[in-house]
Amino acid sequence: TLADLGFAAPTEIASHYTFSVVVVGGPPPSFTVTATPSAAMAAKGEQTLTVTDTGVKTPANTPGYWGK
């Protein structure tokens, strides 16, 4: 879990997103972390963000919090 990894969402977004992680044992091991916006944030145009162990981020170059 994210808690097992010592992850804590920044306070300014913790109530606005749900975070999850999927780990694949490999070889080599890999992971994908997903940040899913709350309904209120999605209504404002925020999108679900995924980041992989290789640094691939989707969606890329978007407006909103993740585009900062």
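The model is predicted, so local features are given only at pLDDT of at least 70 and side-chain atom pairs only at pLDDT 80 or more, whereas totals for chains, interfaces and linings use all residues. Residues are numbered from 1 along each chain as its sequence is written, and side-chain values use heavy atoms, with hydrogens and water left out.

The chain contains 1 helix and 4 strands, in the order β-β-α-β-β from the N terminus. Helices (H or I, at least four residues) and strands (E, at least two) are DSSP runs, numbered from the N terminus. Of the 68 residues, 18% count as buried; buried means under 20% relative accessible area, exposed over 50%, and partly exposed in between (1.4 Å probe, protein chains only).

Strands pair if DSSP finds at least two bridges between them. Strand β1 (residues 17–24) pairs with strand β2 (residues 30–37) in the antiparallel sense over 8 bridges. Val24 has Ser30 of β2 as its bridge partner. The hairpin of β1 and β2 has 5 residues between the strands, and Gly26 in this hairpin takes a positive phi near 90°. Strand β2 also pairs with β3, again in the antiparallel sense, over 4 bridges. Here Ala35 stands opposite Leu49 in β3.

The structure holds 2 aromatic pairs. Rings of Phe, Tyr and Trp (its six-membered ring) pair if their centres lie within 6.5 Å; planes under 30 degrees apart count as stacked, over 60 as edge-to-face and the rest as tilted. Phe7 and Phe19 form a tilted pair, 5.3 Å centre to centre with 55° between the planes. Because Phe7 lies in the segment before β1 and Phe19 in strand β1, this pair ties together parts that are 12 residues apart in sequence. Tyr17 and Phe19 form a tilted pair as well, at 6.3 Å centre to centre and 45° between the planes. Within it, Phe7 is partly exposed at 36% relative accessibility, whereas Tyr17 is buried at 6%.

The side chain of Tyr17 also makes a polar contact with the side chain of Glu46 (3.0 Å). A polar contact is a pair of N or O atoms within 3.5 Å; within protein, one must be able to donate a hydrogen and the other to accept it, and residues adjacent in sequence count only if both atoms are side-chain atoms. Glu46 is located in the loop between α1 (39–43) and β3 (49–52) and is buried, with a relative accessible area of 14%.
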